[in-house]
Amino acid sequence: MKPYDFKSIEEKWQKIWEENNTFKAERDPARKKFYLLEMFPYPSGRIHMGHVRNYAIGDAIARFKRMQGFNVLHPLGWDAFGMPAENAAIQNNSHPAKWTFENIRSMRKQIKRLGFSYDWDREIATCRPEYYRWNQWCFLQFLEKGLAVRKTATVNWCSACNTVLANEQVVDDCCWRCDGPVQQKQQEAWFFKITDYADRLLDGLKHLEGRWPEQVITMQRNWIGKSYGAEVDFVVKGSDEIIKIFTTRPDTLFGATFMVLSPEHPLTTALSRGTDQEKAVDAFIAKVVKEDKIQRTSETGDKEGVFTGGYAVHPLTGKEIPVWSANFVLMEYGTGAIMSVPAHDQRDLDFARKYDLPVKVVIQPKNATLDETTMTEAYKEEGTMIHSGSFDGLAGKEGIRRVCEYLEAEKIGKATVNYKLRDWGVSRQRYWGTPIPVVHCESCGIVPVPYDQLPVELPLDAQLGDQGQSPLKTLPDFINTPCPKCKRPAQRETDTLDTFVCSSWYFDRYTSPRDNEQLFDPENVKYWMPVDQYVGGIEHAILHLLYSRFFHLVLRDLGQIETPEPFAHLLTQGMVIKDGTKMSKSKGNVVDPDDIIKNYGADTARLFILFAAPPVKDLDWSDQGVEGCFRFLKRVWRICGDFLPEIQSAKPVPEPTAPLAKELKGLRRKTHITIKRVTEDIQNRTQFNTAISASMELVNHLYAFREWWNESDKNNSNAQSVVKEAIDSLVALLAPFAPHIAEELWSLSGHDQNVGQAPWPIHNDALIEADEILIVIQVNGKVRHKITVPADMSEGNIKSRSLENPKIQEFIGEKEIKKVIVVPKKLVNIVVK
């Protein structure tokens, strides 16, 4: 057997797979489908081993499912629009399209060298008009349905990226993309009304329990933030302005002693004008808007505020209460205003004590009396209403219901449901994105572009501003267009769509990537969807995954899709850590897979990244670990080569025709134990590290077995069949992890078809049962000896054999035996006194 030449082997099989279109998927109603997808990669230039982990996990599952007989769809494409391409183009005096397509070519070449089983015929790039025309089609559908709206709102502005960001794209008051500071300002922009789907998005999470990580479900549930309560109107003293608040405890309404506005609330500034508080309020706002929002709202953060100079009228008592502004109130939640009930909210109580504001108890516990002058802890539980006028004596839900009824009857409030979720801002003031398909006409207003005029193509002859300013406003051929309705001169929309729109439905497009007549073929999407296994990072728990679920629900309402959710199962892989931090280009600690492939081969790169840690855990990079996996593959190559001459023509049989030697029985048992372990580790637990470990144990067993084999009759057909079964099983079990070496060894073993198309091995429980078992013998809980007994020996005989053993007799001596405990097929514990 020639030495393991990974370079020629990998080049050979990658060429065979490509020439034979081995991984091409076709709809086949007669076969059960399995749709495996890794999250949409961005063409950033070159991949590193952190990316490889994501793809290797997905590919292992895809190959495993093919061998189990599933019709597997495993596509790949490029989430190709976005600001990094623009920024790189500015830095290199180039064009985003040129940078993007060069990166796609580079990454495609790298990925192909790793031998992943993608159906490349389905490759898509979102920056191509044949893809983004369907983004525009979706936008127009949303517009017709009232789900795409243009409105003036407080938006998140990243000056470094020169664009608006969605709430979900602001992390710790910084841009998710560039980490630059984010400011808020008023601006007209396009929004998708994801809030209309808040309840359905919440309800859908129930169906994903047990199939998605609990952490992701919790994150989405918290982000949507549903709560029940009441909206109440507080009239501003001396004006018609109303401060609308939401409270989950309407039964504490009589305890409101002051109001608090967000610093960003427009009334915060307005109420201070013409008062002595004007300068103090302006200074406070300027200070707070720069603070981290998480710190502003944390329980341990310092609660700071300022009196606005204005007052509101309590809707139930008619009394004037002061209006403050505080750092812990955010515009993003509720109405940006709260009523403060310090006796029954700890944050309000701390604030009231700090600024010497009144405290009023309106809920009394059963067995205690609260003293509002001395209390240091707010009473937040249910109790009996007091100091609440005609509502005194009511308790719990009854008190809440009655207050809500009164508010509605007096038209000063109503029972309602509130959500933390806000509409998805999709306008971006950047160039490299999907043009929004509407025109602005002085006569007709906003007019959608007719469907037959799609796509509105992004002009590729644009020159970017040095700060990323969109050039679309400066291109007469783009911006000037006749109004589709009145035919008078009009102007195109120059904002582009958030790139998360591209990735919110791409998985559907993979089912019909070349269909130029419709979003996707209904029969294709019906057959392939949902994605059976989705693989990606937990950092996408809210942004991409929430948006995709929203898009899916809308498309379902439009009659395009039948399935309730886009992703049946989700696996969120851990990070690859090197030098103590996440592997990333910005940290300068990446490992290029090309270097690993050059020195050790693609199979080694894949094997290490799957063996070094469970998929959901972080993986510490180890050069020694890579070398160890390479040595293992060489051991596999050698041991298979040692047995090949005798087994190439042999056929494994379920039951040999003659009794087997002890060594052959042991090999069959180890083979079937390994098949069971690997199958269950992949299928039930997605634990590739332990699956590979089980295969390593089988290799060790084969090396030990080889010594007996070299001294035995190698021409015995039964023996050859047992060995062939072991070698074939080992190779097949390694195929999802190291497919190139597996294909080569499978071919050398005499098989005509590829190993990836061969049936997955199936274990036989009867063969796993041992003829003999090892029994541990303890005396007073300490191990004193071990004996081997027939597997079918009765507990009574095992007990007798243990007590009669000479070595055990030495430990017992003249001591009294109090009792003998037998744990079936494991141990005997003799208790003596």
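Hi everyone, this is a short tour of one predicted chain, from its overall layout down to a few local details.

A word on ground rules before we start. The model is predicted, so local features need pLDDT of at least 70 and side-chain atom pairs count only at pLDDT 80 or more, while totals for chains, interfaces and linings use all residues. Residues are numbered from 1 along each chain as its sequence is written, and side-chain values use heavy atoms, with hydrogens and water left out.

Let's begin with the whole chain. Its C-alpha trace spans about 105 × 85 × 50 Å along the principal axes. We have 26 helices and 32 strands; these are DSSP runs numbered from the N terminus, with helices being H or I of at least four residues and strands E of at least two. Of the 833 residues, 55% count as buried, where buried is under 20% relative accessible area, exposed is over 50%, and partly exposed lies in between, using a 1.4 Å probe and protein chains only.

Now to a couple of helices. H19, residues 623-647, has 25 residues and reaches 36 Å from its first C-alpha to its last, close to the 36 Å expected at 1.5 Å a residue. That expected span is 1.5 Å times one less than the number of residues. At Gly641, H19 bends by about 30 degrees, and Pro645 follows within four residues. The bend is the angle between axes fitted to the seven residues ending at a position and the seven starting there.

Helix H21, residues 688-710, has a kink of about 25 degrees centred on Ala704.

Of the 16 residues lining the largest cavity, the closest to its centre are Gly82, Met83, Arg428, Asp498 and Thr499. Helix H3 (83-91), strand S4 (163-165) and strand S23 (496-497) each supply at least two lining residues. A cavity here is a set of points on a 1 Å grid over the protein atoms alone where a 1.4 Å probe fits but cannot get out, and lining residues have an atom within 4 Å of a point.

Cys444 is in no disulfide, and its nearest cysteine sulfur, that of Cys486, is 3.7 Å away. Cys444 is partly exposed, at 25% relative accessibility.

Most residues other than glycine have a negative phi, and most peptide bonds are trans. Leu454 to Pro455 is cis, with omega near 0 degrees, and Pro455 sits in the loop between strand S20 (445-448) and helix H13 (476-479). Met529 and Pro530 are also joined by a cis peptide bond, with omega about 5 degrees. Asp579 is not a glycine, yet has a positive phi of about 55 degrees; Asp579 is exposed, at 66% relative accessibility.

Conventions:
A disulfide is a pair of cysteine sulfur atoms within 2.5 Å. On a 1 Å grid over the protein atoms alone, a cavity is a set of points where a 1.4 Å probe fits but cannot get out, and a pocket is an open set with protein on both sides within 12 Å along at least five of seven lines; lining residues have an atom within 4 Å of a point.
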